[in-house]
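Please consult the structure shown here alongside the text.

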Amino acid sequence: MRRTAWAVAMLASVLGVLAWAAGLDPRAPFAPAQEHAFNGTQLQPRMGQAVASAEGLRIEAVGEGATALQSIALDGIDAAAHPFLRYRFSAFPQTFELSLIFRRADSLDEVRVVSLPWPDAGDSWFDLSVVPEWKGRIVELGFAQFPTPQVVAPTQPFEPFTLEAVALGTPSWKGEFAALSTDWRGHWPWSQRSVHALGRDTDTPRARPLVVCVALVCAFAIVWGIVLLRWRGPRLATAAAIAVAAGWLLLDLHWQAGLAWRGQTTRALYAGMDWPAQETRAADADLLAVANRIKPALARESDRTRILVHSGSSYEQLRLVYHLLPHNVAVLPQVIEQASPELPAGTLVIVYASEDWSFDAASGRLRGGGLDWPATRVAGGGNWILARIAEGRR
Amino acid sequence: MTASLLAWILPVFAGAGIHAAFVRELRGPGAVAAMLGYGYFIGLFLAAFLTCLLAGTQTSAAFARVAPCLAVIGAVAWSAAWYLRSRHVEISAARLSNAARVVIAVAVALVVLRLWTLAAEAALRPVFPWDAWSAWSVKPKTWYLLDRFVAYVDPAAWLAAPAADLRTSAVWDYPELLAWIEVWFASAAGAWNEPRIHLAWSGALAALGLASYGQWRGIGIGAALAAVLAWAMLSLPLIDAHAALAGYADLWMAAVFGLAVLAWLRWIRRGGAGQLLLAAGFALCLPMIKLEGAVWLLILSMVGVLGSIRANLRWRLVLGAILLVTIAISLGGFVFPMLGLGWVDVQWGEIVVPALGVLDLGWRPVGAAMLTGLFTLPNWHLLWYLLPVVLVWRWRRFAEDPASARIGTALLACCVFLFVLFFFTDAAAWAENHTSANRLVLHLVPAIFSLLAVLLAQPSSAAVAPLRDQPKADVDPG
C-alpha cells in the first residue's frame, strides 16, 4: 500500500515538474483550438533556390552569404493568440542552423530573427510566447538556413533538404509539452562558448532546464520515500544514492546523445582527410586562403621582420596572426595600445577587410583609424594590402 | 605514425616508472591505475622539460632527442621501482558482490564510451576554441615551425628592439609547460598537426580518471564507489568539452590540482614520503601551467603547512596572520611575492597583480549568473545539487577524519578566493557573461570529487589511521 502511494506520489510529482517546465496553462485545451497551417510549397524562396516537390519545398541551393530563406505573406495573424510554432523539415543538414524570421504589421521594415532548435525528424515545436518581439500582427513568416557559424565554412558543399510544413497555433497542452520536448531533445552545435558554458546560447529563448527538473524529481523521490516509505538510516542513504545515480545517468545519456550528434557533424566535415586538408575545411577557410596568399610576399623577409595585422574584427586579426605563424607577426591595435604608434621603419603592416583603412600610392601614406604612416606597398589582393613602414614623419 | 605512438608510450613508461619508484607500491588496490594516471602527467611534464632543454635550438628534432632519454629514464626508474618495491602490501581475498561487479562494469563501459567519443572528436578537429589558437598554441606553433625557441616579450620591448630575435603576443607571459608538450607531440607527428597534438587532452582526461580511481582505491575506498565516482567525474559535460575542443589549459589545471590533492590525501591517510613528494611536485607544476596556478599552490601550501602543526599553534598563527594583514592594510598596504604572478601589492580596496593588472575591490551582484552557470546550464550534471547535501549529511567526518578536514579546508579557501574574485573584482564580468567563471570552478572539480569520495566512503579505522601507525597494512578489498 505504501509503495503504491509512493508510486502515485512520484507519478504526480513527475507530471507536476513537467507541467511546470512546460509552463502549462491548465485552462488550455489538449489540442490547439486554432491553427494556421501551411504546406512548405506555400512559402516562396527569397534567397537561394527552391522547387516544389511532393513532400514540400525542396531547397536546392543557398544564396548570398550561403543562406537560404523562404517566407510566406500572412494576413496579420495575432501573435499573442498564436504563440506555438510547429515546423517540419526532412533531411535538414547537420552542418546547418535554422532561424525563424518574421515581420510585424507595426514595423514592416524590420525583419526579426529567432534562433530555433535544430529540426530533427518529425514535427518540431517552439513556444514563441517567450520571445519579447512576438507581439502585434504578423504579416510575414519564414525560415532562414545557413552554415553553423564558427563551425562550418560557408564554402562547405550544400546538401538539399525539404521544408515540409509550418503552422502557428493557439496554446494547448500538446503544444506546450511538444515545445518542451523539442527544447530538451534539440541538438545544439559546438561554439566558441562551449569551453565556458554549455547549452544553447544563454540569450536564446528556451524552456526550463532539464537538469533542474531532474534534480527536482530526485528530491521528490527521496522526500516521498522518507514520508511514505519511512526510509531512514542506511536504507535512506541507499535509496538516495540510487535516485541521484539514476538522475545523473539520465543527464549523462542525454549529453552522450548530444556528443554523438556533434561527432557526426565533425565527421561530416573532416573524416577521411589528412591534416593539411582538414585545416582547409575549418570555418575560417577564407582567412587561411588569404594568409596563404600573403605568405609568398613574406617569404622574402627576414624572420625577425616585425609584421602587424589589422582587420575590421578581432577574430579576423587573431586568426590571420595564427595562420601566418611562424612569421614575426602581432596584432596592430594591441601593439599600438600597449607600446606605441611609432612603428620602426621596415615594419610590415597587413590590413585586411578594413574599409576605413587605405594606402595612398601617390603620397605613399598608409592611413586608417586616425593613424598615418609613410609607407610603400609590398603586395596586395582584393581586400588586403601589405605595406612597409618607411622613414619619415608619422 | 610509429613516432606518434611512441610519443604517447614513452612518457607513460617513464612517468609510471618514476611514480612506482616514488610510491614503492607495484601491487595493491588501484596501484596500476594510479601508476598509469600519474605516469601520464609525470612523463609528459618530463618530456616537455627535456624538449625545452635539449631541443630548443632545433624543435623539429625534439622527438629524436628526447625519446631516447625517456626510454633510459624509464628503464632506470622501473629498475629502481622494482628494487625499492614494498613487500608489505597485503591484498585481502574478499570478493566483490555481483551487484558491485555490475556497477563497476557499467561505469567502466560508460567511461570507455565517453573517452572514445571525445577522442574521436579531437582526432579530427583543427584547433577550435578561441584562446586555444589565440593564446595557448601561438608559442608552440611558432617554435615548431620556426624550428627553434624564440623568447616572447611584451609589445613595448618587441617594438623597441626591431633587430632582436623576439616575438610578442597579448599573452606573452603565459606559462610554457603546455607549449612544450605541444612541441613534443608536433615533433613526433612530423608536422604542426593540430588533431594529433590536441589528442593529448583526451589522454589527460583518461589519466585523471585512472589516477583518481587508483588513489581512491589506495586509501581504502571500495571499488564500486571509486568506479562510480570516476565515471561521474569524467561524465561532467564541461570537463568533456575541454577534451573534445582541446587547447585550453584548464583541464590540465584541474587534473594537476586534483592529483596533487589526491597524493596529499593519501599521504595524510596512509603516509609514505613518495606521496608527499608527488603532492609537492604536482602542486609546484600548477604555476607552470597557468597563472592562476600560483594561487592554488599558495592555498595548498598554506593549508598543508598549517595542517601539519599543533591545533592551538595553528589557530594562533592564523589569527596572527589576519591581524598582521589588517594592520598592514590599514598602514597603507603591503607587497608579497607569488610564484608566476610577480610581486602582489595589497591595499585597501585594491590588489595589484603584475600579471593580471589592477583589481578594484567592491561588491558585484553576480550571484544569479553564478547560480545559473552551476545549477541550470548543462555544465555539471547534478554535482552542485549533490555536494551541499553530502557536506551536511557527513559533516561529522570533518571532525573525525584529518584528511577530510584538510581537503575541505583547502577547497573552502579556494572557494573563498573564487568568491572574492567574482563578487568583488572586475572578474565579475567573467561570471556575468558565462566565460571564465565555470573554467575556474573546473580547476577544483577533481579535488571536490576526492572530498566526496572520502565523505561518502564508509568510515573505517583502516582508512582513517595512517599506515605508519599500523603494524600491518590493511587494504580495503572493496
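## Aromatic pairs and a helix contact

Over all chains, the count comes to 44 aromatic pairs, where rings of Phe, Tyr and Trp (its six-membered ring) pair if their centres lie within 6.5 Å, and planes under 30 degrees apart are stacked, over 60 edge-to-face and the rest tilted. This is a predicted model: local features need pLDDT of at least 70, side-chain atom pairs count only at pLDDT 80 or more, and totals for chains, interfaces and linings use all residues. Residues are numbered from 1 along each chain as its sequence is written, chains are lettered from A in the order in which they are written, and side-chain values use heavy atoms, without hydrogens and water.

Two of the pairs are listed below.

| Pair | Centre to centre | Angle between planes | Class |
|---|---|---|---|
| A:Phe96 and A:Phe158 | 5.6 Å | 65 degrees | edge-to-face |
| B:Phe257 and B:Trp296 | 5.9 Å | 55 degrees | tilted |

A:Phe96 lies in strand 7 of chain A and A:Phe158 in the loop between strand 10 and strand 11, 62 residues apart. A:Phe96 is buried at 5% relative accessibility, whereas A:Phe158 is partly exposed at 21%; buried means under 20% relative accessible area, exposed over 50% and partly exposed in between (1.4 Å probe, protein chains only). B:Phe257 in helix 12 of chain B and B:Trp296 in helix 14 of chain B are 39 residues apart. B:Phe257 is buried at 1%, and B:Trp296 is buried at 0%.

Ring pairs also link a cluster that includes A:Phe96, A:Phe158, A:Trp118 and A:Trp261.

Key:
Helices (H or I, at least four residues) and strands (E, at least two) are DSSP runs, numbered from the N terminus.
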